[in-house]
Amino acid sequence: MEDSEQIETMQSEEIAKLPRKRFFRQRAHANPFSDHDLIYPLKPSEMDWSPFYPKYFSSDSKESTKKVEIIDVGCGYGGLLVALAPLFPDQLILGMEIRTKVEDYVKKRIDALRAQNKNDLYQNISVMRMNAMKFLPNFFEPGQLSKMFFLFPDPHFKRKKHKNRIISPNLLSEYAYLLKVGGILYTATDVKELHEWMVEKCDAHPLFERIPDEELSNDPCIRCILNETEEGKKVARNKGDKYFAVYRRIEDPDE
Amino acid sequence: MKAPYHLIKSTNGCIAAAYKNKIKIKNLNTDKTIEINQDEVKKTSIRSINFNNDASILAVASDDKNLKFWDVNTGKCLLAKNTPKKVNSLVFENNGKNVLVADGFGDVYRYSIIDSEENGKLMMGHVSMLTDILLSRDEKYILTSDRDEKIRVTKYPKTYIIKNFCFGHKEYISKMCFIPNNESLLLSGGGDDYLFLWDYVNAKVIQKIDIKTLIEDTIKNNNLNSIETYNVKEITSYSEENLIAVCFEKLPAVFFFDIKDNKLNIKSTIITENLILDIAFDNKGRLWITNFVDENTKDLITIISRLSPIEYVDKEELKFFENTEDCENVDISKYMTNENLRKDVLDAKKAQQEEGNTAKKQKTK
């Protein structure tokens, strides 16, 4: 008994230390078409979210009154998740990341933050290793999401690889399916060419309408995007440009 | 040895059977026959064929990414287009003016068969290989199935609106078929132990049909060679008699189901002499079966005209289809490819590849 208690305290001390990013570096590309040995539910109703948000579930139930509403697709090292946690304390926020090591880092970071903050702060954020281009509809019901973030995605410069871009005409239809009417899609990049592409594709999609930049000044998420994401900070350090474009999910104009 | 017919389709009394790069077409109403050569130079294999509604035009997609439209009466090529990726399935709009093609890269393009300048409009796409595409008879929905267990129901022609996903399959899906006389129902199958009957507009499972037991019993009762996995090769229907026929890779059997009160019931099972490549009902409800060939094979096609007692159509009807081209060796793995879509098969291949790569790396070191 004593031994196991000792181990437990040791573990919780370890967890409380924030992980160091340099041990979790992984190249910033992954092929979205390959299988990656991912685990995903057959359909959204079969997803067990209790390990991701334990405070929101009673110990014997997979049911929760709350559903994930905000997702950060390609969350990287989790800067945005951590910044959003106190901004939306009543909403479940999920980061999705395809690179194992990076996802592992974010997981440890959230564990440490939860352990350091006893007041339930950071209980509403979690991370999952996932290929969002393939399996989002397996996790979320239509209209379940209120915000989707696509920040500093892989630019896939080669023309042939444009289909691998996370914002594409095909995938926008899927995001429109998952976002509730009035839900918001955020994009940000430091690559002008990619910014222009994302704007072109979103503008052309009948279910999205751009929110004018001047209306965004009241949106706290924008400050987070520009100042709290790792990529955003890097760009700021290098004094580079940051472009963003935000869209609202609208109803089909003809219906 | 003769080259086998790897595809057969039937619409409005016309039968088209494809072998290698060629197609034989017979109009059963007029007995008129015609032969088409999709590609004389490269001789690449045909991947997918389909008639328009009145069977006046046949669309043919081949391995060289050519999409050609053939006039079934004259045997002339009306139009040729290039597709960006290899086509796995294609379907005409009711009016016959456009064709929708589903490709291996997950995209659906629409091609006009009237406008020779136009070169395909991207309509929608999955990030996964597409295996089949259907258009509902009222043309309100496109149905697409993929390697990642999904059937997507998309509005048509507003393909930017996804109606829903039919979730239930645990393996790839290879074929979908509307239930005759009730088009709100869809039957799908692939690498699973079950066929699924769907109310696809509402994404509801109506029935799961256990094919594992069915196949295992059939193998046992008929002393057939056992197969490790079950991979649906084709699902086809005959509306006059509410009949569905299903066949599998590497299994010499056809399963017939009838539909009563929106449920499928097994009606009969027919054992064939050879492994089956494709099946199609003609306008009289006779089932055409094309089969794989080996040294002992005599016939390339058999036609079942009656189920119980079973009756076969005599050779005269098949005379036109009797001969294809001689070929030296017929590699079975080229004709049974659905199996390769299984996750475990792909994983094994990947592991092998990685092993090869590390071996190479070690060598260079």
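**Figure 1. An open sheet of four strands in chain B of the predicted model.** In this predicted model, four strands of chain B are arranged in the order E1-E2-E3-E4 and form an open sheet with antiparallel pairing. Strand E1 (7–11) and strand E4 (33–37) of chain B stand at the edges; each has a single partner strand, so one side of each is left without a neighbour in the sheet. Neighbouring strands of this sheet are turned against each other by 15 degrees on average, direction ignored.

**Figure 2. The pairing of strands E2 and E3 of chain B.** Strand E2 (residues 14–19) and strand E3 (residues 22–27) of chain B are paired over six bridges, in the antiparallel sense. Within this pairing, B:Ala18 stands opposite B:Ile23, a residue of E3(B).

**Figure 3. A further open sheet of chain B, built from E17, E18, E19 and E20.** The order of the four strands in this open sheet is E17-E18-E19-E20 (chain B), and their pairing is antiparallel. Strand E17 (173–179) and strand E20 (204–210) of chain B are the edge strands, and each of them pairs on one side only. From one strand to the next, the twist averages 25 degrees.

**Figure 4. Strands E19 and E20 of chain B with helix H1.** Strand E19 (residues 194–199) of chain B is joined to E20(B) by six bridges, and the two run antiparallel. One residue of E20(B), B:Lys208, has B:Phe196 standing opposite. Helix H1 (residues 211–222) of chain B lies across E19 and E20 of chain B, and the helix runs at about 15 degrees to E20(B).

**Figure 5. Backbone details in three loops of chain B.** The peptide bond that leads from B:Tyr156 to B:Pro157 is cis, with omega near 0 degrees. B:Pro157 belongs to the loop between E15 and E16 of chain B. A cis peptide bond is also present from B:Ser308 to B:Pro309, where omega is near -5 degrees. B:Pro309 is located in the loop between strand E27 (301–306) and strand E28 (311–312) of chain B. In the loop between strand E6 (57–62) and strand E7 (66–71) of chain B lies B:Lys65. Although B:Lys65 is not a glycine, this residue has a positive phi of about 65 degrees.

**Figure 6. The area buried between chain B and chain A.** The interface brings 31 residues of chain B into contact with 26 residues of chain A. The size of an interface is often given as the accessible area lost when the parts come together. Here, chain B and chain A bury about 2,300 Å² between them, and 55% of this area is on carbon and sulfur atoms. Within chain B, the residues that lose the most area to chain A are B:Val127, B:Tyr160 and B:Phe167, which together account for 32% of what that side buries.

**Figure 7. Salt bridges and polar contacts between chain B and chain A.** Four salt bridges are found across the interface of chain B and chain A. One salt bridge joins the side chains of A:Lys134 and B:Asp148, with 2.7 Å from N to O. Across the interface of chain B and chain A there are also 14 residue pairs in polar contact, both residues being at pLDDT 80 or more. On the side of chain B that touches chain A, the elements that give two or more residues are strand E12 (121–125), strand E15 (151–155), strand E16 (162–166) and helix H3 (343–364) of chain B. The residues of this side of chain B comprise ten nonpolar, eight polar and 13 charged residues.

Methods. Residues are numbered from 1 along each chain as its sequence is written. Chains are lettered from A and ligands numbered from 1 in the order in which they are written. This is a predicted model: local features need pLDDT of at least 70, side-chain atom pairs count only at pLDDT 80 or more; totals for chains, interfaces and linings use all residues. Side-chain values use heavy atoms; hydrogens and water are left out. Contact means heavy atoms within 4.5 Å. Buried area is the accessible area (1.4 Å probe) that two parts lose on being put together, summed over both. A polar contact is a pair of N or O atoms within 3.5 Å; within protein, one must be able to donate a hydrogen and the other to accept it, and residues adjacent in sequence count only if both atoms are side-chain atoms. Ala, Val, Leu, Ile, Met, Phe, Trp, Tyr, Cys and Pro count as nonpolar, Asp, Glu, Lys and Arg as charged, and the others, Gly among them, as polar. Two strands pair if DSSP finds at least two bridges between them. Axes are lines fitted to C-alpha atoms, for helices over the stretch in contact, and angles run from 0 to 180 degrees between N-to-C directions.
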